[in-house]
Amino acid sequence: MNDGDQNPAAVPTPVPDVYGDGCWMSMIWRDLFSPLHALNFGGLGEATQHVLWRLENGELEHIKPKIIVLWVGTHNMGHTAEQIAGGIKANVQCILHRQPQAKVIVLGLLPRGKNPNPLRNRNRRVNELLAEALPSMPNAIFLDVDPGFVQSDGTISHQDMYDYLHLSRLGYSRACQILHKTLLQLLEGKGTAS
C-alpha cells in the first residue's frame, strides 16, 4: 500500500449505534481487571477506524493510565491484512501521542471460524505484521493471547468460541490469563516494552 493511498482502516469513523442506546460506551472489565482499576472502553463490532474516531474525539481525556490495552481489527470486514495492521498502528500512534506516559499492549487477533478459512489467515497475517512493526514504536508491546484455540485437526471448539468468533466464558478465561499475567508484570516493573 502506497503512502498516498487512503487506508479506510486508518480513517477515523464513528461507529454506527445500531441499537440507539449508546451501550458500547459504558462497558467495564469486571473479573480479572477491576481489581487493577481497569476500565474497558470497548465497543461491540468496532473496527479500527471506529476506535480511532473515539480516540480522536475525547476518549482518552481526563485520564492518565499507566497501561492501555488495544484489541481491535477482527471486525474490519472488507479490509486487507495490511490495511488492518495500518489501522491498528494508527490507533497506537494516536494513543501514544495523547498518553505518552502509557505503555500500549496490542493484543493479537484470534483465529476465527470453526475450520481454516481466509479470515483466519488474514488475522494471522495481521499479527505477523504487528509483531514486526510494533517493536520500533516506543512503549508499544505486541501480545499474542491465543492459548492455542486451533486444535490439532484445524478446528476451533465451540467451548472456546461459541460462534467461532466471540469468546465463551472459558475462552475469555484462557486468553485473559495471558493478559492478566503481563499486566501484573508491567505494573510490578518486571516487564518492559519491546
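Analyst: One term to begin with: accessible areas come from the Shrake-Rupley method with a 1.4 Å probe, and for residues only the protein chains shown count as cover. On that basis the protein chain has an accessible surface of about 10,600 Å². Carbon and sulfur atoms hold 53% of that surface.

User: Where do the coordinates come from?
Analyst: This is a predicted model, where local features need pLDDT of at least 70, side-chain atom pairs count only at pLDDT 80 or more, and totals for chains, interfaces and linings use all residues. Residues are numbered from 1 along each chain as its sequence is written, and side-chain values use heavy atoms, with hydrogens and water left out.

User: How many helices and strands are in the protein chain?
Analyst: Four helices and three strands. These are DSSP runs, numbered from the N terminus (helices are H or I, at least four residues; strands are E, at least two). Along the sequence the pattern reads α-β-α-β-α-β-α.

User: What share of the residues is buried?
Analyst: Of the 194 residues in the protein chain, 44% are buried. Buried means under 20% relative accessible area, exposed over 50%, and partly exposed in between (1.4 Å probe, protein chains only).

User: And the contacts?
Analyst: Take contacts between residues at least 6 apart in sequence: 73% of them join residues at least 24 apart. A contact means heavy atoms within 4.5 Å.

User: How many bridges join strand 2 to strand 3?
Analyst: Four, and the two strands run parallel. Strand 2 covers residues 103–107. Isoleucine 105 stands opposite isoleucine 141 in strand 3.

User: And the strand 1 side?
Analyst: Strand 1 and strand 2 also pair in the parallel sense, over four bridges. Leucine 70 has valine 106 in strand 2 as its bridge partner.

User: Why is strand 2 called largely enclosed?
Analyst: Because four of its five residues are buried, strand 2 is largely enclosed by the rest of the structure.

User: Switching to helices. How do helix 1 and helix 2 cross?
Analyst: The axes of helix 1 and helix 2 (residues 81–98) come within 9 Å and cross at roughly 15°. So helix 1 is roughly parallel to helix 2. Axes are lines fitted to C-alpha atoms, for helices over the stretch in contact; angles run from 0 to 180 degrees between N-to-C directions. Angles under 35 degrees count as roughly parallel, over 145 as roughly antiparallel, 65 to 115 as roughly perpendicular and the rest as oblique.

User: Which residues of helix 1 meet helix 2?
Analyst: Thr48, Val51, Leu52, Leu55 and Glu56. Their partners in helix 2 include Ile84, Ile88 and Cys94.

User: Tell me about leucine 55. Buried or exposed?
Analyst: Leucine 55 is buried, at 6% relative accessible area. Leucine 55 sits in helix 1 (residues 48–56). Leaving out residues up to four places away in sequence, leucine 55 touches Leu60, Asn91, Cys94, Ile95 and Arg98.

User: Last one: where is serine 173?
Analyst: In helix 4 (residues 169–187). Serine 173 counts as partly exposed, at 36% relative accessibility. The C-alpha atoms of serine 173 and aspartate 160 are separated by 9.2 Å, and the two residues are 13 apart along the chain.

Methods
Pairing = 2+ DSSP bridges.
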